[in-house]
Amino acid sequence: MIENILLTVVTAATPFLIAAIGELIVERSGVLNLGVEGMMIMGAVFAFMAAQVTGNPYVGIIAGIIAGGAFSLIFGFLTITMVSNQVATGLALTILGLGFAGMVGESFVGLPGIKLEAISIPFLSDIPVIGRLLFGQDVIVYISFALVVGTLWFLFKTHAGLTLRSVGDNPSAAHALGISVSKVRYLAVLFGGSCAGLAGAYLSLVYVPQWTEGMTAGRGWIALALVVFASWRPERIILGAYLFGAVTIAQFHAQAVGISVPSQLLSALPYIATIVVLILISRNRRLTLINTPASLGKQFVPDR
Amino acid sequence: MKRRIFMLGAAALTAAMGLAASVTAQAEDKLKVGFVYIGPPGDFGWTYQHDQGRKAIEEALGDKVETTFLENVPEGGDSERAIERLARSGHGLIFTTSFGYMDPTLKVAKKFPKVKFEHATGYKRADNVTTYSSRFYEGRYLLGQIAARESKKGVAGYIASFPIPEVIRGINAFVLGAQSVNPDFKLKVVWVNTWFDPGKEADAAKTLVDQGVDIITQHTDSTAAMQVAAERGIKAFGQASDMIEFGKETQLTSIIDNWDDYYIARTKAVLDGSWKSEETWGGMADEMVHIAPFTNMADETKAEAEKTMAAIKSKEFHPFTGPIMKQDGSVWLKEGEVADDGTLLGMNFYVKGVDDKFPQ
C-alpha cells in the first residue's frame with residue numbers, strides 16, 4: 001500500500017515539477033511569464049489530440065511540447081520584441097490558452113484517451129518500495145528527473161548558464177558585453193513553454209488520460225508559486241513539488257481512514273506555504289540577493 | 001510605440017475574454033436565454049448535461065430564442081457580476097446552474113424584476129426566481145443497493161465535493177440503500193473541495209482504492225474516477241452523464257441528469273406569458289433523473305435494481321422512509337414516516353451508518 005501511495009504522489013507532483021523547472025529558467029533570464037496555465041493546457045489538448053489521431057502517445061508528448069513552445073513564442077514576441085508589459089501579457093496568454101484549447105479540443109471531449117505506459121528498467125525496478133517508484137515509471141517522469149539535474153548543471157556549471165543568469169540579473173551589463181539579451185530571453189521563454197507543454201501532456205496522457213476543458217485546474221499557478229517557494233533553485237523545486245503532491249495525497253488518505261482534518265485548510269496549504277516562504281526570504285536580504293533574478297519582470301530595451 | 005503595444009495587449013485580452021464567454025450577437029425580438037455554468041460545457045458531467053439542455057431549447061424553439069452561456073464562473077462574488085452581465089444585456093430568462101449561485105441570483109433578481117431567473121439546486125425563491133432540481137437521491141439510493149450487492153469487500157468509496165445539502169443528501173441516500181441490503185456496509189468519504197479537477201478526482205479515487213474499497217461513486221463532475229477504477233480493476237458508478245465509454249467493464253450504471261424537457265417547458269412558459277415563480281423538484285417519475293443501463297453486474301442484482309427503480313418511479317417507495325436514525329443515534333423518522341421536502345432540501349446531518357465525521 002505504501003508503494004501505491006508513493007506512486008500516486010509521483011503522479012501528483014510531476015506536472016508541478018516540470019512546469020516549475022521551465023518557469024524557473026524563464027525567470028532566471030529576467031522574464032516573468034504568468035501564462036504557465038495557458039501553455040500547459042495547450043500542451044494537454046494538443047498532446048491528447050495527436051495521441052488520438054496517431055494512436056501513439058509518444059507522438060502526443062512531442063505535440064504537447066511543440067504546442068506549449070509555440071504558444072510561448074507569442075508571449076516572447078509581445079514582451080521581448082514588442083516590449084509589452086510582462087504581467088498583463090502573461091495573464092492574457094493564460095486566458096487565451098484556456099479558451100483556445102477548449103475550442104480546438106471540443107470534438108475530443110468524451111473520448112477515453114490512450115495511456116502512456118510505464119517503462120520498467122530491468123533489475124533496478126525490482127528493488128522493494130523505491131524500485132517501482134524510481135525505475136518503474138513512464139518516460140515523462142524520467143524526463144522530469146533529468147530536467148532537475150540538467151538545469152542544476154546548466155545554471156551553475158556551464159558558461160551558457162552563467163550567461164542566462166547575467167541576463168536575468170543585469171541585462172544592461174550583459175548587453176554591454178556583447179550578449180544578445182533578447183536571444184537569450186527568447187530561448188528561455190521557449191524552454192519554459194515547452195516544459196509547460198510537456199507538463200500538460202503528462203496531464204492528458206498519464207494523470208487522467210482524457211481531454212476535458214480546463215483540466216489543468218490551476219496547476220500552472222501552483223507551478224508559478226513553486227518557483228518562488230524554491231527561491232529560484234532547481235533542487236528546491238523537486239522538494240516543493242513533491243511536498244505539495246504529498247500533502248494532497250496525504251490529506252485524502254487521512255480523510256479515508258477517518259482522521260478529522262479540515263480539508264479546506266489542507267487544500268489551501270500550497271498557497272499558504274508559498275506566502276510563508278515569501279515572508280521568510282524577503283526578511284533575509286542576503287538570501288534574496290543571491291538567488292532572485294535582479295531584473296525579474298523588467299523589460300529591457302537596448303540603447304541604440 | 002509603447003501605447004500601441006499596450007492596446008494590442010488589451011485587444012488580445014478582450015478577444016480572449018470574448019472566446020471564454022462566447023456571448024452571441026443580439027437580436028431584438030427573440031427571447032434571450034442565458035446560462036451560467038460552474039464548469040466548462042466539455043466536462044462531460046454536470047455542466048455538459050446543462051449545456052445539452054441549452055441545445056435542446058435551441059432545437060425545440062428554433063428562431064424564437066437565442067441562447068448564451070458563461071462558463072467557468074466561480075461561485076460567490078464573481079458569479080453576481082456574471083449574472084448581472086446577462087441581465088443587463090437583455091436576457092429575459094437566466095438559468096444559474098450551481099448551488100453557490102443562490103444568493104447572487106437573488107441579489108441580481110431584485111435589481112431586475114422583469115427578468116426571470118431559475119436557480120438550480122437552491123432553496124431560496126422570489127417573485128422572479130424559481131428553483132429547480134432533480135431528486136438525484138432516488139438514483140443514489142439505487143446505487144447504494146447495487147453497491148452492497150456487488151461489493152465483495154463490503155466497503156465503497158465516495159468522492160464528495162462540498163458539504164452542501166445536495167451532497168449530504170446523496171451520501172445519506174447511498175448509505176441507506178446499501179444498508180437496506182447489507183446492514184454492515186461501510187462507506188469511506190473523501191472531500192476534494194472542488195466540483196471539477198480531473199487530477200484531484202483521480203487522486204481521490206486512487207486513495208480510495210489503496211484504502212481497500214472495491215466500488216467508487218462520486219459527486220464531482222469529471223470522468224477521472226471512472227478511468228482510475230477501470231485501471232485498477234474495480235467497479236464504479238458514473239455521474240451526471242453516461243460514462244460507459246470510460247469504463248466498458250467498470251461502470252455499473254450512472255445517474256443521468258435530464259434537463260432538456262424542463263428547460264424547454266420553462267422557456268415556452270416565458271414565451272407565452274405563463275411563467276410563474278415555483279419550485280420544481282423532479283425525480284425518476286418526472287423523467288428528470290435517468291438511470292443508464294445496468295451493466296457489469298449479476299443478473300440478480302439487476303433484477304433487484306429494476307424492482308427498486310419501478311417502486312421509486314411509481315412513488316410507491318420513498319428512499320427516506322422511517323425508521324431512520326441520525327448519526328448521533330437520535331430518531332429522525334419513525335417507522336413508516338416519510339421525510340418532508342423541506343428537511344431534505346436543507347439536509348445538514350448524516351444518518352446512522354455513515355462512517356465519516358460531519359464536515360463543519
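The contact between the two chains draws on 44 residues of chain A and 42 residues of chain B. Keep in mind as you browse that this is a predicted model. Together, chain A and chain B bury about 3,700 Å², with 61% of that area on carbon and sulfur atoms.

**Polar links across the contact**
- Two salt bridges are counted between chain A and chain B.
- A salt bridge joins A:Arg219 to B:Asp197, where the closest N and O atoms are 3.1 Å apart.
- Ten residue pairs, with both members at pLDDT 80 or more, are in polar contact between chain A and chain B.

**What chain A brings**
- On the side of chain A that touches chain B, the elements giving two or more residues are α1 (2-28), α4 (86-104), α11 (234-256) and α12 (263-283) of chain A.
- Of these, α4(A) supplies the largest share of that side, with seven residues.
- Sorted by class, the side of chain A that touches chain B holds 24 nonpolar residues, 17 polar ones and three charged ones.

**Confidence in chain B**
- Chain B has a mean pLDDT of 89, and 92% of its residues reach 70 or more.
- The pLDDT is below 50 over residues 1-27 of chain B, a stretch that has 32 contacts in the model beyond near neighbours in sequence.

Terms used: Residues numbered from 1 in each chain as written. Chains lettered and ligands numbered in written order. Predicted model: local features only at pLDDT ≥ 70, side-chain atom pairs only at ≥ 80, totals over all residues. Heavy atoms only, no water. pLDDT = per-residue confidence, 0-100. Contact = heavy atoms within 4.5 Å. Buried area = accessible area lost by both parts, 1.4 Å probe. Salt bridge = Lys/Arg side-chain N within 4 Å of Asp/Glu carboxyl O. Polar contact = N/O pair within 3.5 Å; in protein donor to acceptor, adjacent residues only side chain to side chain. Helix = DSSP H or I, 4+ residues; strand = E, 2+ residues; numbered from the N terminus. Nonpolar A, V, L, I, M, F, W, Y, C, P; charged D, E, K, R; others polar.
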